[in-house]
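Look at the sequence and the structure below before reading on.

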Amino acid sequence: MGEGTAGAQVAAGIADDLARHGTHPALRTTTGTVTYAELAARVATARADLDLLGAGHRQLVHLRPATTSEFVVAWLAALTGGHATLLTHDDGLARAYGVSVAHDGRSWRPTGRPAPELHPDLRLLLSTSGSTGSPKLVRLSAANLDANAAAIADYLGLTGDDVALTTLPLDYCYGLSVLHSHLLAGAALVLDDRTVTDPVLWDRARAEGVTSFAGVPYTFDLLGAAGWPTLPTLRQVTQAGGRLAPERVRALAEQGRREGWELVVMYGQTEATARMAFLPSELALTHPGSVGVAIPGGAFQLDPVADAEPGVGELVYRGPNVMMGYAETPADLAHGAGPDELRTGDLARLSPEGLVEIVGRRSRFAKLFGQRVDLDRVQTLLGLSGYDAGCAESADGRRLVVAVPGSPDPATVGEVVDAAATAAGLPAHAVLGVPVAALPRLPNGKLDQQALAQLPPAPAPDAGSAEASIARLYGRILGHERVDPGASFVSLGGDSLSYVELSLRLESRIGRLPHDWQTWSVAELAARPDADAPAPGRRPRWARVDTTIVLRALAIVLVVGSHTDLWVVLGGAHVLLAVAGVNFARFHLADEGPRERLRRVGRAAGRVAVPAVLWIGAVALLTGRPGWRSVLLLNDVLGSRDWSEPAWYYWFVEVVLLLAIGAGLLTAVPRVMALERRHRFPLALGLATLALLPRAWADLASYDGDVIHSSVFVAWLFLGGWAAAVARGRRDRVLVTVVLLAGCWGFTGSTDRDLLIAAGCLALVWVPSVPWPRLLVGPIGVIAGASLYVYLTHWQVYPWFESRWPLGGLIASLAVGVLTWQLVNRAPVWARRVGAVVAPSRPHYSPVQPLRQEVR
């Protein structure tokens, strides 16, 4: 039987498997469960739409991988429809290969280009070379995918009772193999894009009864730093994606034996679809340095290698999961399959028990942080840059070693490290620079790779690493003397006041940030390949700035400018209410339990209430106004109907505090917390919709009280911002847009004011970041960060300029607010310095231990 026929049969088999499992859960998303029957129906619909779009012709489809049911449906529709799919986030790569159809996350759309010629068996294209050279794609057939999925399901013993957690990206062959093998076995997958250091991920895993998760070596480093999760239903942990040190394998296997789960170490390459070998879990303790045996249906052999040690040869794999071949141009997509033999490039030997042990690389490639790095190319690029250096993979397989000859000074070594990191596409801390008198060489004059790999680190501390630099930045802005690499902005108690400064400083250091960077650990941010980071000396003129930051700055400028009579553009404060709702969802819905949530909300409320009460109290003491209700921020709580000046000056602060505290108390109720974690968007949207009822009542009853300054009547803005922050996909965004526009309609009685509020809300829903002149990023960040203090103090500043120079009133108000903000931020630093002088022996408090206790 030819491979093309096999591919057609495989596609049909996958479709049959979906329908056969009926109402058994297939995908568990944050918005609900998709059964196999529902998945089969959705795949059939999407396949029909794709076939209709292509008029029955095969297409080259571009899919952006995402841990969503929409992506899974689109991928299975393209696969079972016989189309070829390129999985990538790189639009340039998609254009280079001439994709004819793309998926926008909800539906198909033609690109306007005809599909290139495609071999009948071709189903999937995955990138293998990453950023180490020109993109090279691996061509995979349906037969490859099915054979590998079946083998994995076989040796892992997957059944319909298994529930896997998606902890790896789905454009990574390992992550995609988890999806395929579990669908083939009729098991369930929990789709979640949170990082493994986010405690909410493991709360959800416990609630869903997760039985397994997958990890690369870096995954286990993060879990070791942040704390291993407690999962009562866990039965299996798999590891691949790079070498894990034998002592680490043994330690994990021992931990699994104590806790009732098994560790399965695996070995593979994208060229073999995913997996080639696995180490049976019962051998992990006794053979932790082995990758095990070939997967079912596969076989290994050792080919002789000149100058190799006795018993060592190049590992060659044969099996039905070996790729069709590589593609470097669109013309290669028409080629058929090559031999079902894969020369892995790894040097290996067989143990007496018949287990494969990897001892090195024949070719000059290393696998670091999930990327294949061409060491020869890195060394060549260093030479072209004027650096004479030798490169090798470290003996523990964790870093790129760069030896710099001539006993150079630390600054020169640092320059070479930076150049090597750029050439390899790795974070700076993954490169170890070692000064040497001369490069180690073999008798034949070639570089001694083993000697390079064994070079010890330079004695100078690696204080300039990306991880150390980001940790220091976190500590300075968030007030921690030490920051653990496993800590995130959220776990360290970050809030909206510190978010502005930290996000802008991070963007200037590591390039464009992921939308959920606040939940990423320091180590994850430091390890992130910086595709967006500008090359030295070529920084772009424009940067991407978080929309909430831009809105905070623009809104406070509009508020103060309107009060100075420089202009009359009202509605900025109400936009800030929606921004506050977004920030509540970002920073206060990521805790393990009710107590932690209450503490976090209490700290954030204190950072607003304390300076507000102190400032307003001081003003009242000096001027006799406002009254005690305003000083204590109780006008709205006590139902005051006195909204005359200056009693209403601080209504915004009162309302923000009431809504944030109220939302915190509500979501700290255990049942509500559980509901929020399982149905994040429906809960937020439902609350926002309910909050419109008081508005509707006020309109119907012709209520004559103050509506636009009362928390009861403006809560929908805060809750709508919360819903916008947790919306996933176009459908969610459309729904929250409807609710927000309904609230804005006729809200203030001024069309212009209502339109401005609506525009700000729509920006929060649909525009996560905006382009901004890089020269103005600093100023807008300062104004946004100081917005609370500008609001508090401007009432006492602008009247001095109002009648004569309104623009001066605006400038002076901003300046005083920024100065006050800086003084408040620097006060803790000064206090610590004074404390260090007065009590130098005071014991040091580290936030690391509480973090490890919280993230269990």
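## Strand pairing

Two strands pair if DSSP finds at least two bridges between them. In this predicted model, strand S4 (residues 84–87) and strand S7 (residues 122–127) are joined by two bridges. S4 and S7 run parallel. Thr85 has Leu124 in S7 as its bridge partner.

## The sheet

S4 and S7 belong to an open sheet of seven strands, ordered S6-S5-S3-S4-S7-S8-S18. The pairing in this sheet is mixed. At the edges stand strand S6 (108–110) and strand S18 (325–327). Each of these two has a single partner strand, so one side of each has no neighbour in the sheet. From one strand to the next, the twist averages 30°.

Strands of a sheet pair through backbone hydrogen bonds, and the pairing is either parallel or antiparallel.

## A helix across the sheet

Helix H2 (residues 36–53) lies across strand S3 (60–63), strand S5 (101–103) and S6. H2 runs at about 10° to S6.

## Two packed helices

Two packed helices are described by the angle between their axes and the distance between the axes. For helix H22 (residues 680–690) and helix H25 (residues 729–744), the axes come within 10 Å and cross at roughly 15°. Angles under 35 degrees count as roughly parallel, and H22 and H25 are therefore roughly parallel to each other. Their crossing is left-handed.

Which residues of H22 and H25 meet? On the H22 side they are Phe681, Leu685, Ala688 and Thr689, and on the H25 side Asp732, Leu735, Val736 and Val739. Of the residues in this contact, six are nonpolar, one is polar and one is charged.

Conventions: Residues are numbered from 1 along each chain as its sequence is written. This is a predicted model: local features need pLDDT of at least 70, side-chain atom pairs count only at pLDDT 80 or more; totals for chains, interfaces and linings use all residues. Side-chain values use heavy atoms; hydrogens and water are left out. Axes are lines fitted to C-alpha atoms, for helices over the stretch in contact, and angles run from 0 to 180 degrees between N-to-C directions. Helices (H or I, at least four residues) and strands (E, at least two) are DSSP runs, numbered from the N terminus. Angles under 35 degrees count as roughly parallel, over 145 as roughly antiparallel, 65 to 115 as roughly perpendicular and the rest as oblique. A crossing is left-handed if the near helix is turned anticlockwise from the far one by less than a right angle, and right-handed if clockwise. Contact means heavy atoms within 4.5 Å. Ala, Val, Leu, Ile, Met, Phe, Trp, Tyr, Cys and Pro count as nonpolar, Asp, Glu, Lys and Arg as charged, and the others, Gly among them, as polar.
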